[in-house]
Protein chains: 2
Amino acid sequence: MRVALGQFNAVVGDLAGNAERMRRIWAGALESDVDLLVFPELAVCGYPPEDLLHKKHFLQDCRTMVEKLASDCPDKTIIVGFPESYQENSFDSAAVLQAGRISKIYRKALLPNYGVFDEQRYFQPGTEPVVIKTGDLNVAVTICEDIWDIKWLGNFLGDAGKIQMILNISASPFHMGKIKQRQEIVRNCAKKFNCAVCYCNLVGGQDELVFDGRSCFADSTGKMATKARAFEEDLLIADIVPVGEEAVQVRPLESPAPQPSDLVDEVYQALVLGTRDYTRKNGFEKALLGLSGGIDSSVTAAIAAAALGAENVVGLTMPSKFSSAETMTDAARVAKNLDIGFLTISIEPILEQFNRSLQPVPGWDDKGVAYENLQARIRGTILMSLSNHFGFLVLTTGNKSETAVGYATLYGDTAGGFAMIKDVPKTLVYKLAEHVNKITGRQVIPADVLNRPPSAELRPGQKDSDALPDYDLLDKILKGYIEEDKSAQQLVESGLPQDVVHKVIRMVDRNEYKRRLSPPGVKITPKAFGKDRRLPITNRYSSSP
Amino acid sequence: MRVALGQFNAVVGDLAGNAERMRRIWAGALESDVDLLVFPELAVCGYPPEDLLHKKHFLQDCRTMVEKLASDCPDKTIIVGFPESYQENSFDSAAVLQAGRISKIYRKALLPNYGVFDEQRYFQPGTEPVVIKTGDLNVAVTICEDIWDIKWLGNFLGDAGKIQMILNISASPFHMGKIKQRQEIVRNCAKKFNCAVCYCNLVGGQDELVFDGRSCFADSTGKMATKARAFEEDLLIADIVPVGEEAVQVRPLESPAPQPSDLVDEVYQALVLGTRDYTRKNGFEKALLGLSGGIDSSVTAAIAAAALGAENVVGLTMPSKFSSAETMTDAARVAKNLDIGFLTISIEPILEQFNRSLQPVPGWDDKGVAYENLQARIRGTILMSLSNHFGFLVLTTGNKSETAVGYATLYGDTAGGFAMIKDVPKTLVYKLAEHVNKITGRQVIPADVLNRPPSAELRPGQKDSDALPDYDLLDKILKGYIEEDKSAQQLVESGLPQDVVHKVIRMVDRNEYKRRLSPPGVKITPKAFGKDRRLPITNRYSSSP
């Protein structure tokens, strides 16, 4: 039997558009004589539709669209994910389309409600396995999480009889290195049930999430037979061939797609796709960002150019009296190297006018943190003004390390529409810069930018290291505290310096309000800020007592 | 048996502080010869602690604090809510403290995972009822949601034997009118089980939520015997007296506390408490807001003065060439009437300088929406500068109607720390203004402010009605679309004008990104923006096709 995995980029809420894309993929699959065509979890409406699922008319529209897809594509068997309203409840379901109608429905049984997932907010768990007969194969249909608890799955499928294939439709979001875990799940599942597994994942960016595709087939020995592209649409086709009662082979039609070269490449591609999709799916053509001549804005610009095309990116440099000649030169050099648009607007006269206008305020002067933040807010205001004027999306340039400790000005450098690298630790920003230079084969991001000690340039001689520990150390503490939920005591016991640990934890805790008010960005770590990590703003608990 | 409900204002994460407050209440209850003292759900750590619950050391600290409370308060029986780590799982539990130790633990069985609740993200459901013997009474312990499904509760308590009292500890957040539903639940529960019900609710503000207290006792006929204060701490004491096998009486020690006079008064008190607690619990003494002479900022100022004291509120008026003499006069009048601080800083010279600096931008002029937004952003920048300079919290002044349709400037008038009235529809803002004048017994908010057609004053002669439908109509549509999840078709069928319905729905959908980036404010309706209503930013679904 010939199976095709239609790994496609669904847009949340675009029911007609998603159906149209699926019809085109179906037409292509027909040409390859496919028997069974599989689309990802909630392919009809995109993932996650969140509280759209509370609208009855939305669920009705999804149902109508699935029925139309069935009647438009009557040949062969199609499996497609959709949100189903059934007997006063909602389910995360897979429709089996055969002969022009919905012939069967499988309802997802394991509903993740952790991390970025809120599925128990919306769905009831299904309770019945569904095994369909296609060609001469018995195929068990499962959805995403269902195969992540293999012991549970064994019980669930226990009475379902002999199965030659487990089919899994997923919307499994990316984080760095997760692919290893995911492929192990697929391989273990194949081995345990001694059957082929075909795994069809979503691809594309949706707000904070990127789905990385990489759909795959494993044979009954647990060998990964073939993999689809990463971070791109793909149609992955293979023949599933039972060999006696004992084994099920997988024979791919084409050689496997090339995969990301390493973890940094993977993150780079996730950021490119996440930025492109956030921009385009929200109706923007072009993006705008502040170019300071520092590493964060240089990397953000490079990735934006890769995502949107250099002709669709504009860098704006906004020097003040505290900007050095070196950083101004580097900002221009980065723009030139990337061949993006470039504008210069000095903030100095505006800063001077604000300073004059604020003189009547008791105690106001041009020394303190208010005056430093003012500079960042003038820049934010200029960027947002140009955004309104030109209709461009503003990309902010803060990384995860500074977002974590609040080393940013609220409504200043955090002002924009998309915070591309907000989940990228500073030490990884450097690796991305090197990666950009490597894949372009030239020094797009100048060595000076890579080597100069980071500075916000909001007062004379300022350096990040005045306020923050060394980034290698900072990122180690942040990983332990944020991603692993360790206490100060545990971090100190693991060998990290006590005074720095306590200082960093206090900074992280104190700045929840700033993070809550910063734009979405691409999740690339196991725990990102945003819906992945939900802490109260009002909170007196300290993990470093 | 004498029972006391310790309705107190817990601070999230302040384990030591909460325990200290409970010890003081315990000392007071001892003087009244109380046998059983009850504290609210998760009283030890405050509600909701959100992802603090993912920290093992947090759960350990909570346990330690409960054990300390038990040994500090060995007389009598205490019931206190705490998050419990038990056998690799977490539970929302009630500890029964007797003779200096934890004698029993009840684990909440029904875990709400809708609206503002995410309890299935954190907790496993308990499966065993707990009935304790205190004095001569059998008392079933329940937690919040457990009594909201009375049929389920009947089965759950089915084998528990004869019960004279059901005790419920809650953290039930406020919305307008919810008290009616809540008291009906309590009364029905008492009638169905023919027993007394004592209901102990949390009080206080926590980020978007306000807990309104109003703990109560019902007797076995379902009569509400007494109620605690609304929006304030209270210690409500009553004797529970079984009368034969047939009935359980409740004899309160004092006459019931006065309750809010109507729904508007209720909302007013919720906003006062929510604002006071957000400010104080986050370490601020004083607040700052822009005073435009319009109704929204006037009401916000009046409520801030009531919450924090007039001496702790500063109004800042920031006129431009588009500000009318009338609104400038009214801004000053409101400040004077409220006796709050008042400052004037003209934005005109700064606006002119921005305009000059932006001249090199192709096509820039002082006519379009960018120029209008610029004015709001200059004001936001001035407010945030003063916030940094003085250490005051900035209150934004946007109401629910304009927040819904995006009639606001992102990083302009949405810039601040707390959006007090973001869940208050414009039509209710007017009622609050009248309420303020009523309870102060004078025209604190001048008649002119109440009667003048609303305007953002960002261009000559601008009026809200240029861009928006009449607020009576707008608020009807918003209630149907947002709170009731109705489609355009349903709204039109209910008699609302089709063109306006479609326009409003499109505006609401298009502005999700702005709402996501606006500060938290007090939930006062059944569905507030924020964690109560979670929609994707990237979303092409339209409820008005």
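So, B:Val243 sits opposite B:Ala247 of strand β15(B). A strand here is a DSSP run of E with at least two residues, a helix a run of H or I with at least four, and both are numbered from the N terminus. Val243 belongs to a pairing in which β14 (residues 234–243) of chain B runs antiparallel to β15(B) over 6 bridges; two strands count as paired if DSSP finds at least two bridges between them.

Before I go on, some housekeeping. This is a predicted model, where local features need pLDDT of at least 70 and side-chain atom pairs count only at pLDDT 80 or more, while totals for chains, interfaces and linings use all residues. Residues are numbered from 1 along each chain as its sequence is written, with chains lettered from A and ligands numbered from 1 in the order in which they are written.

Back to chain B. Those two strands are part of an open sheet of 7 strands with mixed pairing, in the order β5-β4-β3-β2-β1-β14-β15. At its edges stand β5 (101–107) and β15 (247–252) of chain B, each with a single partner, so one side of each has no neighbour in the sheet. On average, neighbouring strands are turned by 35° against each other, direction ignored. Helix α2 (residues 56–72) of chain B packs on this sheet and touches β3 (77–86), β4 (89–98) and β5, its direction making about 160° with that of β3(B). For the angles, axes are lines fitted to C-alpha atoms, for helices over the stretch in contact, and values run from 0 to 180 degrees between N-to-C directions.

Now, how do the two chains meet? 63 residues of chain A are in contact with 64 residues of chain B, contact meaning C-beta atoms, placed from the backbone, within 7 Å. On the chain A side, α10(A) gives the most, with 12 residues. That side divides into 30 nonpolar, 21 polar and 12 charged residues; nonpolar covers Ala, Val, Leu, Ile, Met, Phe, Trp, Tyr, Cys and Pro, charged covers Asp, Glu, Lys and Arg, and the others, Gly among them, are polar.

Terms used
Contact = placed C-beta atoms within 7 Å.
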